[in-house]
Amino acid sequence: MGICSHLDDEACAARAQRGDRAAFSELVARFQDRIYRFVARLTRSPDDAQELTQETFLHAYQALARWTPDARLSTWLFRIARNLAFDWLRRGKRVGFVPLDEDTAASHPDPAPAPDAVLETAQRYGLLEKALARLPEEHREILLLREIEEMSYEDIAAVLALNVGTVKSRITRARAGLLDKMPR
């Protein structure tokens, strides 16, 4: 437990803005796994996702003085991560879909205690990952933010610079597209 673990995200960010490195480290600890998962699914490259996650926090640290509490910190971080991931994708550094191997899956353990439940969950995740990988990027990113990161429509709108109505309609289309791509 860190010395800033009792603070909420925004209070921790405010301390980090005043130069408290422990507060920024606390923010990294809180968000790095979520940012990594989001970027890994967008880029479909676990190795590059690690680098992009590090870049996200480097950019955040450098821009922290410009962050204002009227924007949720999580929204701001996901927006930085999204922009870096899409810059990376635009540069043509795309790679083919790489399913999670057992070592990677083991580093993100399922809380289910029974091995058969873990296996079943891993198989379902694998099918979902494959179906997600076949979605257009705009549908994949919005589903990741809503279903995996559990962001509100308002936060997703802020991350993607869209209005809430567009977010809702895009999520509906993305869910329909995902269902079409799931094996029956």
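Helices here are DSSP runs of at least four residues, numbered from the N terminus. By that count, Glu 26 sits in helix H2. The model is predicted. Its protein chain has nine helices and zero strands. Read along the sequence, the pattern is α-α-α-α-α-α-α-α-α. The chain has 184 residues, and 40% of them are buried. Among contacts with a separation of 6 or more, 63% join residues 24 or more positions apart.

**Helix H1**

- Helix H1 covers residues 9-17, and its buried residues are Cys 12, Ala 13 and Ala 16.
- Seen down the axis of H1, these buried residues fall within an arc of 100 degrees, so they line one face of the helix.
- The general rule behind such a face is simple: an α-helix has 3.6 residues a turn, so residues three or four places apart point the same way.
- After H1 comes Gly 19, with a positive phi near 95 degrees.

- Glu 26 has 14% relative accessibility; the cut-off for buried is under 20%, so Glu 26 counts as buried.
- Cys 4 is 22 residues from Glu 26 in sequence, yet their C-alpha atoms are 6.4 Å apart in space.
- Glu 149 lies in a loop, between helix H7 (137-148) and H8.
- Glu 149 has 6% relative accessibility, so this residue too counts as buried.
- Which residues does Glu 149 contact, leaving aside its neighbours within four places in sequence? They are Arg 34, Arg 37, Phe 38, Phe 78 and Leu 144.
- With one of them, Arg 34, Glu 149 makes a polar contact, side chain to side chain, at 2.7 Å.
- Another, Phe 78, is 71 residues away from Glu 149 in sequence, with 9.7 Å between the C-alpha atoms.

- Most residues other than glycine have a negative phi.
- Arg 44 has a positive phi, near 60 degrees, and is not a glycine.
- Arg 44 is in the loop between H2 and helix H3 (46-63).
- Is Arg 44 buried or exposed? Arg 44 is buried, with a relative accessible area of 16%.
- Ala 161 also has a positive phi, about 60 degrees, although it is not a glycine.
- Ala 161 belongs to the loop between H8 and H9.
- Its relative accessible area is 55%, and the cut-off for exposed is over 50%, so Ala 161 is exposed.

**How H8 packs on H9**

- Two packed helices are described by the angle between their axes and the distance between the axes.
- For H8 (residues 153-160) and H9 (residues 164-181), the angle is about 100 degrees and the axes are 9 Å apart.
- Angles from 65 to 115 degrees count as roughly perpendicular, so H8 and H9 are roughly perpendicular to each other.
- H8 brings Tyr 153, Glu 154, Ile 156 and Ala 157 to the contact, while H9 brings Val 164, Val 167, Lys 168 and Ile 171.
- The residues of this contact divide into six nonpolar, no polar and two charged.

Terms used: Residues numbered from 1 in each chain as written. Predicted model: local features only at pLDDT ≥ 70, side-chain atom pairs only at ≥ 80, totals over all residues. Heavy atoms only, no water. Axes fitted to C-alpha atoms, helices over the stretch in contact; angles between N-to-C directions. Helix = DSSP H or I, 4+ residues; strand = E, 2+ residues; numbered from the N terminus. Parallel < 35°, antiparallel > 145°, perpendicular 65-115°, else oblique. Contact = heavy atoms within 4.5 Å. Nonpolar A, V, L, I, M, F, W, Y, C, P; charged D, E, K, R; others polar. Buried < 20%, exposed > 50% of the residue type's maximum accessible area, 1.4 Å probe, protein only. Arc of directions from axis to C-beta. Polar contact = N/O pair within 3.5 Å; in protein donor to acceptor, adjacent residues only side chain to side chain.
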